Amino acid sequence: MTTQTNENNIIIQANDLSIYYGSFRAVKNVNLGIQRNKITAIIGPSGCGKSTVLRAFNRMNDFVQSAHNDGKILFHGQDIYAPEVDPVQVRQMIGMVFQKPNPFPKSIYENIAWGARINGYKGNMDELVENTLQAAALWDEVKDNLKKSALALSGGQQQRLCIARALAVKPEIILMDEPCSALDPIATLKIEDLMRELSVKYSIIIVTHNMQQAARASDLTAFFTMDEDRAGLMVEYGETSQIFTRPKDKRTEDYITGRFG
Amino acid sequence: MISDPFAATEHNRVASGLSRRHRTGKIWQAIFFSATVIGLVALVALLWTVLDKSFSYVAIEYKVDPATLSSKPLQELTNAELVNLLEANLSKNRFRTLDRKQTLTERTHADLLTLIYDNIVEPRALASYSMSQWIASSQEIRAEVAEKYPDAKLEFRAWINGDFLIDPLSGDPLLVGVRTALMGSLFLILITIAVAFPVGVGSAIYLEEYADKNKWYNRIIQTNIDNLAGVPSIVYGILGLAIFVRTLAPLTSGALFGNADANGRTILSAGLTMALLILPVLIINSQEAIRAVPNSLRQASYGLGATKWQTIWNHVLPQALPGILTGTILAVSRAIGETAPLIIVGAATFITSDPTGPFSKFTALPIQIYNWTTRPQEVYRNIAAAGILVLLISLLTLNAAAILLRNRFSRQHA
């Protein structure tokens, strides 16, 4: 089922990944290789385990007490679920942006600086804040009031601040869990433009409900759906243009043409 | 009645029973409003009784009328004149005894005045009439006092006054002050907060952030804490007596630290007992506050590669702090007014020296109020009322301080 266009360019690879909540298998046998410096979209109907897979990539599922995995996720050739791996380190290397903007109830400056500081950043903090805010296309809007509370920003600005915050800890991969679902169309477009700019330096995996968004903004698309036993599985994975114009699987075609989901 | 613009259609007011539905709503609103009014009336009645009793007309009998002692009011006399007055009106022996205790000429003006009142004037309160009684029937009261106590003078007296606050306890109702008890209460609360706050917040953090709620022992701990919050305070008093006063006597009496008196009935024992008493409430309130911190905040922190402790310390606790402080205010307010455990743990009902440290003997405001209300003389009602006012005011002051502190924190994190 895996489509691996270029084996050397894979940054993170799920091998035969199954995720369980207690005895319920939420996702089964996913083989997914994410390519470096590409935007990979994960689409599919509600409840098919898209977010669960995304959260498995930086071990955020650890906080769900009943969650456990089968299979491996290889990052730099290392299984991130191996006992010798510290999940804290994994999350620093693989950042995350959440569905609802969740800036810290602190100043804009402090939102960015905090993550860098706890991860032992020793350089010039002002410079880092400016650079990351610029990278997140937010600098011009907030440069005059960095001391202002982040909660005073608009939803779209907050989400870009959350992206900037993730960039400040220097990750290699950024996971985005429906980052635009709480935003208006203009803010959504800004985030999509930003993703395109960021993909030069980072690899991005985005879960989205919005098929137009996946078609517009991603390089590769993975389509997930549910089995009869409600376990999520990956149906098809390939170039976005191919998935949306010449899907190989009937189920993918039904979904993207709106006959299902 | 509003006219119905849709009367002709099938959705008219009568058919849909709209008037009846609105009426039901109005009735419930009235019920809830009257519930609030009942509460308010009770509160006003309480405050009125206390205030009414705090100011009264007292029939006082003097052994020597202060007006006959000197041509000027006593307050305006110099120290030397006061000493002369003492010498002129006291027996030689009594005067010498007083002088030996502390040389009279070196004493303060207020001290000398007290001596004159205690030893020469010797006022005695015979009857007391509250403000409302006085306003309703001042003529009858005058007549009654003139008949029953021909030598007594009827004087207005505010029982809550500066002297009441700064004087120590006394056997004489006209000279009694509340300082010893107030200091005792403040000391007690200080120890209670110092012990209960860190322990309570610590337990709440463990139970909310670390404990695996599926494990049977954590569930037992949680259930026990919830139930302990409802245990009567007297039971905590008995517990405090057994543990702090008796078993840990060497520690709580200060014997281990070179204190000669090896009696565990100290302010430290009482403070520890109070801390134990408010601990369950404090833990439950802090847990609520920690639980109210949105999970998205924790995830944001973890997503940046923060450890659990960094997440708790930098995000969860600052966000929960206003709620934790509110819970602490409620718990401490309960401790301030608590009487039963203090009686068991051994608060003194009569003590004239202020607490000087954790190993002091002590008394507290509620103990004194309770003690005063059990006295038969009418004037002690007034003193108790004044004591209640002092208790209420110190409670409000403490709460106001805590609320200010809380608001500062919530502003910082808004």
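This is a predicted model: local features need pLDDT of at least 70, side-chain atom pairs count only at pLDDT 80 or more; totals for chains, interfaces and linings use all residues.

Modeller: Two residues are in contact when heavy atoms of theirs lie within 4.5 Å of each other.

With residues up to four places away in sequence left aside, A:Thr40 touches A:Ile34, A:Gln35, A:Ile204, A:Ile205, A:Ile206, A:Leu220 and A:Tyr237. The relative accessible area of A:Thr40 is 0%. Burial requires a value under 20%, and A:Thr40 is therefore buried.

Charged pairs come next. Side chains of opposite charge can pair when their charged atoms come close. Over all chains, the count comes to 20 salt bridges. One of them joins A:Arg55 to A:Asp177, with the closest N and O atoms 3.7 Å apart. A:Arg55 belongs to helix H1 (residues 50–56) of chain A and A:Asp177 to strand E7 (residues 173–177) of chain A, so this pair ties together parts that are 122 residues apart in sequence. Both partners are shielded: A:Arg55 is buried at a relative accessible area of 16%, and A:Asp177 is buried at 4%.

A further salt bridge runs between A:Arg91 and A:Asp62, where the closest N and O atoms are 3.8 Å apart. This pair also links distant parts of the chain, for A:Arg91 sits in helix H2 (residues 87–93) of chain A, while A:Asp62 sits in the loop between H1 and strand E4 (67–75) of chain A, 29 residues apart. A:Arg91 is buried, with a relative accessible area of 3%, whereas A:Asp62 counts as partly exposed at 32%.

The pair A:Lys250 and A:Asp254 is local. Here the closest N and O atoms of the salt bridge are 3.0 Å apart. Both residues lie in helix H10 (residues 250–256) of chain A, 4 residues apart, which is about one turn of the helix. A:Lys250 is exposed at 53% relative accessible area, while A:Asp254 counts as buried at 18%. In chain B, a network of salt bridges links B:Glu208, B:Lys213, B:Glu288 and B:Arg291.

Two packed helices are described by the angle between their axes and the distance between the axes. In chain A, helix H4 (residues 125–135) packs with helix H6 (residues 155–167) at an angle of about 125°, and their axes are 8 Å apart. That angle makes H4(A) oblique to H6(A). Their crossing is right-handed. A:Thr132, A:Leu133 and A:Ala135 of H4(A) make the contact with A:Leu161, A:Ala164 and A:Leu167 of H6(A). By class, these residues divide into 5 nonpolar, 1 polar and no charged.

In chain B, helix H11 (residues 233–247) packs with helix H13 (residues 267–291) at an angle of about 135°, their axes being 9 Å apart. H11(B) is therefore oblique to H13(B), and H11(B) passes H13(B) in a right-handed crossing. The residues that meet include B:Tyr236, B:Leu239 and B:Phe244 in H11(B) and B:Leu272, B:Leu276 and B:Pro280 in H13(B). The contact has 8 nonpolar, 5 polar and no charged residues.

Also in chain B, helix H9 (residues 179–210) packs with helix H15 (residues 308–337) at an angle of about 135°, with a separation of 9 Å between the axes. H9(B) and H15(B) are therefore oblique to each other, and the crossing is right-handed. Among the contact residues are B:Ile189, B:Phe197 and B:Glu209 of H9(B), together with B:Lys308, B:Trp309 and B:Leu325 of H15(B). The contact of H9(B) with H15(B) has 15 nonpolar, 2 polar and 2 charged residues.

B:Ile343 counts as partly exposed, at 43% relative accessibility. Beyond four places in sequence, B:Ile343 touches B:Ile367 and B:Tyr370. The C-alpha atoms of B:Ile343 and B:Thr363 are separated by 9.4 Å, although the two residues are 20 residues apart along the chain.

Technical notes: Residues are numbered from 1 along each chain as its sequence is written. Chains are lettered from A and ligands numbered from 1 in the order in which they are written. Side-chain values use heavy atoms; hydrogens and water are left out. Axes are lines fitted to C-alpha atoms, for helices over the stretch in contact, and angles run from 0 to 180 degrees between N-to-C directions. Helices (H or I, at least four residues) and strands (E, at least two) are DSSP runs, numbered from the N terminus. Angles under 35 degrees count as roughly parallel, over 145 as roughly antiparallel, 65 to 115 as roughly perpendicular and the rest as oblique. A crossing is left-handed if the near helix is turned anticlockwise from the far one by less than a right angle, and right-handed if clockwise. Ala, Val, Leu, Ile, Met, Phe, Trp, Tyr, Cys and Pro count as nonpolar, Asp, Glu, Lys and Arg as charged, and the others, Gly among them, as polar. A salt bridge is a side-chain nitrogen of Lys or Arg within 4 Å of a carboxyl oxygen of Asp or Glu. Buried means under 20% relative accessible area, exposed over 50%, partly exposed in between (1.4 Å probe, protein chains only).
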